[in-house]
Amino acid sequence: MTKPTDRDVIRVGTRGSLLARTQTQTIVDAIIAAGHPAEPVIIRTAGDDSAAPVAEIGIGVFTKAIRDALHSGQIDVAVHSYKDLPTAPDPGLVIAAVPLREDPRDALVSRDGKVLGELPPGSVIGTSAPRRAAQLRALGLGLEIRPLRGNLDSRLGKVADGELDAVIVARAGLVRIGRADVVTEAFDPVVLLPAPAQGALAVECRSDDAELVRTLAELDDASTRASVDAERAVLATLEAGCTAPVGAIAEVVESLDDDGHIIAELSLRAVVAAEDGSDVIRASVVGPVERADQLGRELAAELLELGAGELVDTP
Ligand SMILES: NCc1[nH]cc(CCC(=O)O)c1CC(=O)O
């Protein structure tokens, strides 16, 4: 394995999609700005070769090949969309930085600038995420939901060419590739709760690469990390993966303590929905930022008490 001292350039691995390359370049630039030469390295993944829904090809397809390259020493750093990472830790690897998060909301991209409420019943909406489909069905708008995969450009193309009336994608992805202009509505989390860790990046390296762990730590944003820890703790406790009908969002909010002092607290909301939209279970909690992980687990326990287990297990 390459020792940090033998290394001239820090190799930062990524998938080949425009989104992956763009978000990796921001990390490469930040590492260079911190005074260390760095370059991107593109890794092919099984997910790139398949057009099947993620639920079929398996959780972690996008991230496994990149983690393998990290373990083997082919690359030194991996940049993942955090929401695509399985909740189980990968022994030997560490998330050294969670940089400041991009807008976590889901976004509607429709023709003629229509917002969701303006789409007539029977309109055809593309999304493959069971979480989005379930919450959308629960709104009872009579929309028809079609599976959707492929890169962002091809998804947007299906709206432009009339195959679909609208698609729902993560706003963060569009912002990163410079296409925020196509968003016709960014959903309030009350309407559509985003995936745990949506809009956040996970910057990962080998845990024994101590010097690099320290270098990357400079890119960490404490509030984003606490938020994402809480959201992912919900998912992990529910034993659900990135394709489960589970949404969660946390943010650091200011509130007053008993003595009237302003303190920062973590506000966490989560939803579990039946895929057919027949049931939606919501819960929320506010607590100390330092207890992010516990807050997530407590909220998941509450959701399970309310009957979430059956909804998560639905095949
Ligand atoms: N599941 C694919 C994926 N992984 C990360 C993003 C967008 C960027 C992000 O959430 O950080 C997307 C596309 C989407 O959900 O529309």
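In this predicted model, the ligand is surrounded by Ser81, Lys83, Asp84, Val169, Ala170, Ala172, Gly173, Gln198 and Gly199. Two elements, strand 8 (166–170) and helix 6 (171–176), each contribute two or more residues to this shell, and by class the shell residues divide into three nonpolar, four polar and two charged. Because domain 1 (4–99 + 200–220) and domain 2 (106–186) both give residues to the shell, the ligand lies between them.

The axes of helix 8 (residues 222–237) and helix 9 (residues 292–305) come within 7 Å and cross at roughly 35 degrees, and the crossing is right-handed. Helix 8 makes this contact through Ala226, Asp229, Ala230, Glu231, Arg232, Ala233, Val234 and Thr237, while helix 9 supplies Ala292, Asp293, Leu295, Gly296, Arg297, Leu299, Ala300 and Ala301; taken by class, the contact has nine nonpolar, two polar and five charged residues.

The sheet is open and consists of three strands in the order 11-12-13, with antiparallel pairing. Strand 11 (246–256) and strand 13 (280–288) stand at the edges and have a single partner strand each, so one side of each is left without a neighbour in the sheet. On average, and with direction ignored, neighbouring strands are turned by 20 degrees against each other. Strand 12 (residues 262–273) is joined to strand 13 by nine bridges, and Ala273 has Val280 of strand 13 as its bridge partner. Helix 8 also packs on this sheet, where it touches strand 11 and strand 12, and its direction makes about 140 degrees with that of strand 11.

Terms used. Residues are numbered from 1 along each chain as its sequence is written. This is a predicted model: local features need pLDDT of at least 70, side-chain atom pairs count only at pLDDT 80 or more; totals for chains, interfaces and linings use all residues. A residue is near a molecule or strand if its C-beta atom, placed from the backbone, lies within 6 Å of it. Helices (H or I, at least four residues) and strands (E, at least two) are DSSP runs, numbered from the N terminus. Ala, Val, Leu, Ile, Met, Phe, Trp, Tyr, Cys and Pro count as nonpolar, Asp, Glu, Lys and Arg as charged, and the others, Gly among them, as polar. Domain bounds come from an automatic or database domain assignment. Axes are lines fitted to C-alpha atoms, for helices over the stretch in contact, and angles run from 0 to 180 degrees between N-to-C directions. A crossing is left-handed if the near helix is turned anticlockwise from the far one by less than a right angle, and right-handed if clockwise. Two residues are in contact if their C-beta atoms, placed from the backbone, lie within 7 Å. Two strands pair if DSSP finds at least two bridges between them.
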